[in-house]
Amino acid sequence: GEEEEEEEVKIVSEEGKDFLAALREEEDDVDARAKKTTTTTTPTTSTATVALAATKKHRRMAVLNNQPSLEVDSDGKFVSNVGGSKSRVFFPIFSKGQKTVHLVRHGQSTYNEAISGPGSWEEPKIFDARLTELGVKQARELGKFLSEIPKDAVWITSPLTRAMETCVYGREAMYAFVSSSEEETNSPDENTAPTNDNDSKANNNINSDDNNTSNRRSLSASSRKKASTKKKVATMKDEEEEKENEKRRHEAWGRSVIVRPEITEKLSCSGDIGRTKLELIEDVPILAQSLSKLPDKSWWWDTNEKRNDAGEKMFNSNEPARVFQRRVSKFKQWILSHPSTTFVVFGHSTFFKEMVGRSLKNCEVASIQL
């Protein structure tokens, strides 16, 4: 009841005090070292200034993310400040610009459509909203862009259906651009039957026997027909093999896609409430391998007192900002610690706004460096 809510607010307040105190302590320490360095170096020396700026940034992020800080020394290497003792480590993955991340907002969802008209701000109670026809069209229009990203890019999606559908439809549309760019153009004469020299000689020999000429023409026509039939059969066989190969490639891609629950949308409406992994696997089987790793119960914001449940059509609580911001930070850390350098991420408006500082339209792409 009210007592529990007051106790929760008090805990949050205490956490806030601890956080601010730790942040000020980190900044005061860095500022003190900055002042000391300034008095012992010439005004033209910029290396120390750059290093201290990087130090301040990394230590600030350490406080925000509750992680051991990493400092930059004068050689441009990282120094781990764990447990009060410093140990030099070279950790280039935390250098700015090492990671390229393409953020792709999902296409128009049924929830977006329901609240798009005038006077439509009432909660429509559309749980785990799917893509509309327009949303599917928008997702497929991503094909050309997706065909141009590196082949070794890591594909990541939110477990909400609209994001996964955008990911899958976009990938399927991509194949048309990949095939057309790699396909060899046939020569104009490739489908023309080869000229038969015997026919030419027979037609030019006015002294040849008419019956022999007729027989030769008949045999030649028959040969051409057989050759054409064989070619058609071979072409159909090649097309079937290509379709089967494409299917296998698509299934292999599906197994490689990473579904990460921490990039789901900040829960503030019924459309942001997810479904169980079994329901999702049934609807999006191409991503079954990664979906199977989701928690058995709710992977979205949910509490015992104020339930959010798509199956029971329940929307009772919004996700706290501090929980949401922690998720965003966790995802950034995951990207930075991953060995790959290029990522394409299918997600949501508020989540991406926290990363880039602005809202994205449906199927808009924002490419950033981390």
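**Ground rules.** I number residues from 1 along each chain as its sequence is written, and my side-chain values use heavy atoms, with hydrogens and water left out. As the model is predicted, local features need pLDDT of at least 70 and side-chain atom pairs count only at pLDDT 80 or more, while totals for chains, interfaces and linings use all residues.

**Entry 1: salt bridges.** I took a salt bridge as a side-chain nitrogen of Lys or Arg within 4 Å of a carboxyl oxygen of Asp or Glu. By this rule I count 13 salt bridges. Side chains of opposite charge can pair when their charged atoms come close.

For burial I used relative accessible area: buried is under 20%, exposed is over 50%, and partly exposed lies in between (1.4 Å probe, protein chains only).

I looked up Lys144 and Glu148 first. Their side chains meet in a salt bridge at 2.7 Å, N to O. Lys144 is partly exposed, because its relative accessible area is 45%. Glu148 reaches 54%, so Glu148 counts as exposed.

Next came Glu262 and Arg260. This salt bridge has an N to O distance of 2.5 Å. Are its two residues buried or exposed? Glu262 is buried, with a relative accessible area of 6%. Arg260 is buried too, at 16%.

Then I checked Glu319 and Arg327. The closest N and O atoms of this salt bridge are 2.8 Å apart. Both Glu319 and Arg327 are buried.

I also noted a network. Salt bridges link Asp128, Arg130, Arg275 and Asp283.

**Entry 2: positive phi.** Which residues did I find with a positive phi although they are not glycines? Lys125 has a phi of about 55°, and Cys363 has one of about 65°.

Helices (H or I, at least four residues) and strands (E, at least two) are DSSP runs, numbered from the N terminus. Lys125 sits in the loop between helix H3 (110-114) and H4. Lys125 is partly exposed, because its relative accessibility is 46%. Cys363 sits in the loop between helix H12 (349-356) and strand E10 (365-369). Cys363 has a relative accessible area of 11%, so Cys363 is buried.

**Entry 3: helix H4.** I asked which residues are buried in helix H4 (residues 133-140). Gly135, Val136, Gln138 and Ala139 are. They cover an arc of only 160° around the axis, so they lie on the same side of H4. The arc is that of the directions from the helix axis to the C-beta atoms.

**Entry 4: a negative patch.** Asp238, Glu239, Glu240 and Glu241 form a negative surface patch. My patch rule takes residues with over 30% relative accessible area and no salt bridge; like charges are joined within 9 Å, and nonpolar side chains (Val, Leu, Ile, Met, Phe, Trp, Tyr) within 5 Å. I placed each charge at NZ of Lys, CZ of Arg, CG of Asp or CD of Glu. Glu241 lies in helix H8 (residues 210-256). Glu241 is partly exposed, because its relative accessible area is 40%.

**Entry 5: Glu312.** Where is Glu312? I found Glu312 in the loop between strand E7 (308-309) and strand E8 (314-315). Glu312 is exposed, with a relative accessible area of 51%. I then looked up Phe127. Glu312 and Phe127 are 185 residues apart in sequence, yet 9.9 Å apart in space, C-alpha to C-alpha.

Key: Areas by Shrake-Rupley, 256 points an atom, 1.4 Å probe, with all protein chains shown as cover. Lys, Arg positive; Asp, Glu negative; His and termini not counted.
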